Amino acid sequence: MHGEAERGGRPLRVVHCPVNTAGVPWQNVEALRRRGVDARLVVFERGTLHPEADRSLDRRGGLARRQLTQWRAFARLLPQTDVFHFYFGLTLVPKSLQFPILRAARRKSVYHFMGSDIRGKTPAELAYGKRADAEVVGSYDAIRWVPEAEVIPPGIDLTAFTPVPPSDRPRPLVVHAPSHRAKKGTEHVIAACEGLPLELELVEGLHHDEARRRYEAADIVVDQLNAGWYGLFAIEAMALGKPVVTFLHAEAVRRSAEAFGIEVPIVSATAETLREVLARLAGDPAERRRLGAAGRAYVERVHDIELIADRLLDLYARL
């Protein structure tokens, strides 16, 4: 699946903006550049966790001054951009003006939703997405909120992840990295591990590189027990060859396996079943290794950033 990296004999010009949520936009931009696309990431401000961007507007002052900064940036970008790729339901200037201007200038646009920006919202609350030329969600779980959207999973650079298979140690190490304890069901994870022959490490507030070292030591990774799908933490854990436990909606698992032609190798668990799942994995090192290898094969098929670049190029070619 290869889309066009050129338009009118010159490289396709795409601006991703205005946030770098979970580092996904930056991964996309870098992969597109490797394909010869004139891609750049422009953000309102650099985030502390993911500061990567080609340009930050570094907005200051009150609403009026911030809006002026945004309008000036948009005015500069408009003549030199073919496609505006917006993330997290945000635009460079107010939505009521953003899309009429893009249409008048014959520029294309994409709305790329990240999950928490759409989860639990009504169709009326998400109707603004229809103003763009295409809508994108990251999974077959998120698609229930935006049924017309295209599914393009988050991609990671797999060359940066060397698998470290789980060990055979008698007390396996369980790693859980809650960005938000209540949302991830952390208290249930702690309770489920109590009294089992395993060690639990909570990875919180660490720089990404240091957190990665902790993930590499894991024998079992627990992602979350509430959301119904997996996030970047689980994707990175699978890339490292670790067995992952998380709560998955069965219908999304079925649709995903159908669409990508590979079973989702994550062990689904709820707060009620987690203890039983962990006890089983703690006593079965061979199964931990099997799941870890299956996870690596899965991310190579579904989350490799080079395949995601193909999907993005294909989408842009159809706008």
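A salt bridge is taken here as a side-chain nitrogen of Lys or Arg within 4 Å of a carboxyl oxygen of Asp or Glu. The model is predicted, so local features need pLDDT of at least 70 and side-chain atom pairs count only at pLDDT 80 or more, while totals for chains, interfaces and linings use all residues. Residues are numbered from 1 along each chain as its sequence is written, and side-chain values use heavy atoms, with hydrogens and water left out.

By the salt-bridge rule, the count comes to 24. One of them joins R296 to E300, with the closest N and O atoms 2.9 Å apart. These two residues sit four places apart in helix α10 (residues 285-302), about one helical turn; helices are DSSP runs of H or I with at least four residues, strands are runs of E with at least two, and both are numbered from the N terminus. R296 is buried at 15% relative accessibility, whereas E300, at 40%, is partly exposed (buried means under 20% relative accessible area, exposed over 50%, partly exposed in between, with a 1.4 Å probe and protein chains only).

Another salt bridge pairs R318 with E150, whose closest N and O atoms are 2.5 Å apart. R318 belongs to helix α11 (residues 305-318) and E150 to strand β9 (residues 150-151), so this pair ties together parts 168 residues apart in sequence. R318 is partly exposed at 48% relative accessibility, and E150 is partly exposed at 26%.

Turning to a histidine, H16 lies in strand β3 (residues 13-17) and is buried, with 0% relative accessibility.
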